Amino acid sequence: MEKQIHIEPVTRIEGHAKITVFLDDAGDVKDTQFHVTELRGFEKFCEGRTLWEMPGLTARICGICPVSHILASAKAADAILAVRIPKTAEMLRRMMNLGQYIQSHALSFFYLSAPDFLLGWDSDPALRNVVGLVQANPDLTRKGIRLRAFGQEVISRLGGKRVHPSWAVPGGVNAPLSKDDHQWFVENLPECKDTIRETLDLFKSSFDCEARGVLGEFSSMYMGLVAPGGKWEHYDGLIRIVDQDGSIVVDGHDPSRYYDIIQEASEPWTYLKFPHYVPMGYPGGMYRVGPLGRVNVCESFGTPEADAALEEFRATTSRCSGKVFDYHYTRLLEILASIERMELLLADERILDPHVRAEASINELEGVGIHEAPRGTLIHHYKVDENGIIEKANFIVSTGHNNLAMNMAVKQIAQKYIAKGNITEGILNRIEGGIRAYDPCLSCSVHAVGQMPIQVNIVDADGALQQTLTQE
Amino acid sequence: MDKITLTIDGQLLTASPGETLLTVATRNGIRIPTLCHLEGLTDVGACRLCIVEVIGQLVPACTTEAANEMVVKTRTEAIKKYRRQVLEMLFAEGNHVCSFCISNGGCELQDLACELEMHSVTVPYAYPRNRVDASHPWFLIDRDRCVLCGRCVRACGEVEGAHTWAFAERGHTARVITDLDVDWGDAESCTSCGKCVESCPTGAIALKGASNAEMRKDTDMVARLVERREHE
Ligand code: SF4
Ligand code: FES
């Protein structure tokens, strides 16, 4: 008789999710589904609102990555105003995005994921969280927390408000950088650099191959923006897609015509759509985005230390890593790259220029804003009327791009660790870990950090609940 | 003319004939919350937030004239409760979402919610469906955020003399309109002076191009203009 195993909610990811494992008669995994059960209908809310409100309105999509939506939205609005924003405004927006990378990646690594691989997958669930991490390695954890705080402080100082800065606006940003804040950034960056160096060293020396394989490995394409010369890019650039060997599938694609190559499929069992690469269809056109995607598509970071670290990383894997676990590795690489990029921005005196906003009225009726959020490529696409009222909005969020891959990762892990209907907590946690590696942000109420109760329902083919496993 | 003496919150005060309770209270540092009142414009007593108690009766302070030996209370528990109820209904009647509003942090309605300690809205929301009119080249009106205070109507009529703004319909379908209910951009009487923008207490009438929390109103503008005219 077939059985269904539900794991809900997935702990330590942002938002609500549920996993169903379908067992066959023998108790082995037949299929899995990763459900996103929350629908917030944001695209609909935006209709009828004004273009100028969109950065602040869409910032409310998510409590974890408001900065990403603000930037994508402001870029889409720039396109509709048909302006080129002042150089300084671009530098400041970049600065904020890098701050967001640091805080988001540090959160993902130190608070949400490191407990698994630094404390062990099968360690006591009550301590497999940031609290346990503090006990096991107080010094590094404290530094990790400070690293995240630095990223938050960059956002807070630029935006004036930590979580929902109403600072990036159509045409630029609404306030220049103050000398005091500039100095504060310059003074605090070196500590961040030391922390990330130390973390990378520990990470390289401590991760074992079992851990690296534990979250699965499969081939897919990767997508990300790259700068000229194939350099790593986070704010602008053109779309590049590579295959599992790193060979280029698409290069130099104009991001404002993303829909030529990316379309979204939907399934009745989840609210999260499935973007895929059009020429290969659905679900064959699976690609991954985010830290691993960006690192796999780029040739180099373009800054010395990050490039040296990248070379070391690539020496341990193929040109394109397919290991889910390497999301964590590349997240650390990106923190290092972000810090180096910040150093460059701060060393350029133009960053203190007071001209930061271009004013214009509605000059185009359609605009696409695209950039690399920490979790991956984020797309905002608006259509407006003559007066700047939104007629249609479309968002493709980073987590969406990885939807196919997350489903694939879950299935692989389930197949490896569930046999004859036999499940243990450690195995369940690996499935969750497979999803957490993508640091998904599921539309996006903020879940408490730390261990939460998991409920596993084993349901037979007739829908009758056979067994419930809970973890407090 | 003879002076009037009255008591407000136990204080013995004097007033000139014709002065409203609001004027007397304000002059003596007694704070009474207001919304439809705007210095420089005729008071109409529309919002009822300034209610005070006179011999057991609730009356609006902005339109009630001071009288000899009047005993006025401005801050009893009952008054606070009624003001809060009025405010809750104003919130429930529109679509007031501070979090992405251009006037966030600079809105009289929001300030009142803080001042009157309105922690939640206990009446059901009406969720009206309104259309943002951004047809004017510089300004826009978002009726989701309108509290029907009529300050725009009075500023436009009394101070600018254009009479572009008016009320249409009654009850829950009441709304402010431009000219004979045409889009603002087509309202020929509008001189684009901007007095309605500065007078509007919320983010309802605003500058186009203002992003979230960027809109700040110069609500004293009308009073300054009126005062200068009186000195001419
Ligand atoms: S638009 Fe503003 S000023 Fe006019 S009635 Fe509405 S809230 Fe009052
Ligand atoms: S201020 Fe008196 S009724 Fe509105």
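**Close-up views of a predicted two-chain model**

**View 1. The cysteine A:Cys320 in its buried setting.** At a relative accessibility of 4%, A:Cys320 counts as buried. In this predicted model, the closest cysteine sulfur to that of A:Cys320 belongs to A:Cys298 and lies 9.9 Å away, which is too far for a bond, because a disulfide requires the two sulfur atoms to be within 2.5 Å. Over all chains, the structure holds zero disulfides.

**View 2. Packing of helix 6 against helix 7 in chain A.** Helix 6 of chain A, residues 138–159, and helix 7 of chain A, residues 179–206, pack with their axes 9 Å apart and at an angle of about 145°, and the crossing of the two helices is left-handed. On the side of helix 6 of chain A, the residues making the contact include A:Leu140, A:Leu147, A:Phe150, A:Val154 and A:Leu158, together with charged residues such as A:Lys143, A:Arg146 and A:Glu153. On the side of helix 7 of chain A, the contact residues include A:Trp184, A:Phe185, A:Leu189, A:Cys192 and A:Leu202, and among them are also A:Asp180, A:Asp181 and A:Glu198. Taken as a whole, the residues of this contact divide into ten nonpolar, four polar and nine charged.

**View 3. Surroundings of A:His182.** A:His182 lies in helix 7 of chain A and is buried, with a relative accessible area of 15%. When residues up to four places away in sequence are not counted, A:His182 touches A:Leu177, A:Leu346, A:Ile351 and A:Leu352.

View 4. Three strands of chain A form an open, antiparallel sheet in the order 14-15-16, in which strand 14 (366–373) and strand 16 (390–396) are the edge strands, each pairing on one side only. From one strand to the next, the twist averages 10°. Eight antiparallel bridges link strand 14 of chain A with strand 15 of chain A, residues 376–384, and A:Ile370 has A:Ile379 in strand 15 as its bridge partner. Helix 3 of chain A, residues 66–81, packs on this sheet and touches strand 14 and strand 15, its direction making about 150° with that of strand 14 of chain A.

**View 5. A:Phe301 in a loop of chain A.** The loop between helix 9 (291–297) and helix 10 (304–315) of chain A holds A:Phe301, a buried residue with a relative accessible area of 0%. A:Phe301 and A:Gly230 are 71 residues apart in sequence, yet their C-alpha atoms are 8.9 Å apart in space. Leaving aside neighbours within four places in sequence, the residues in contact with A:Phe301 include A:Lys231, A:Trp232, A:Leu310, A:Leu333 and A:Arg341. As context for this view, buried residues make up 62% of the 472 residues in chain A, and among the contacts of chain A with a separation of 6 or more, 70% join residues 24 or more positions apart.

View 6. A:Tyr282 and A:Pro283 are joined by a cis peptide bond, with omega about 0°. A:Pro283 is found in the loop between strand 12 (274–277) and strand 13 (287–288) of chain A.

**View 7. Helix 4 of chain B and its cover.** Helix 4 of chain B is largely enclosed by the rest of the structure, because eight of its ten residues are buried; they are B:Arg151, B:Cys152, B:Val153, B:Arg154, B:Ala155, B:Cys156, B:Gly157 and B:Val159. One of these, B:Cys152, has a relative accessibility of 7%. The elements covering the buried residues of helix 4 of chain B include helix 3 (108–115), strand 8 (165–168), strand 9 (175–178) and helix 6 of chain B. The buried residues of helix 6 of chain B, namely B:Met221, B:Val222, B:Ala223 and B:Val226, pack in turn against helix 4 (151–160) and helix 5 (195–199) of chain B. Just after helix 4 of chain B, B:Gly161 takes a positive phi of about 75°.

View 8. Although B:Ile55 is not a glycine, its phi is positive, at about 40°; B:Ile55 lies in the loop between strand 3 (51–54) and strand 4 (57–60) of chain B and counts as exposed at 79% relative accessibility. B:Tyr127, another residue other than glycine, has a positive phi near 40°, and its place is in the loop between helix 3 and strand 6 (132–133) of chain B. B:Tyr127 is exposed, with a relative accessible area of 59%.

Key
Residues numbered from 1 in each chain as written. Chains lettered and ligands numbered in written order. Predicted model: local features only at pLDDT ≥ 70, side-chain atom pairs only at ≥ 80, totals over all residues. Heavy atoms only, no water. Axes fitted to C-alpha atoms, helices over the stretch in contact; angles between N-to-C directions. Helix = DSSP H or I, 4+ residues; strand = E, 2+ residues; numbered from the N terminus. Left-handed = near helix turned anticlockwise from the far one by under 90°. Contact = heavy atoms within 4.5 Å. Buried < 20%, exposed > 50% of the residue type's maximum accessible area, 1.4 Å probe, protein only. Pairing = 2+ DSSP bridges.
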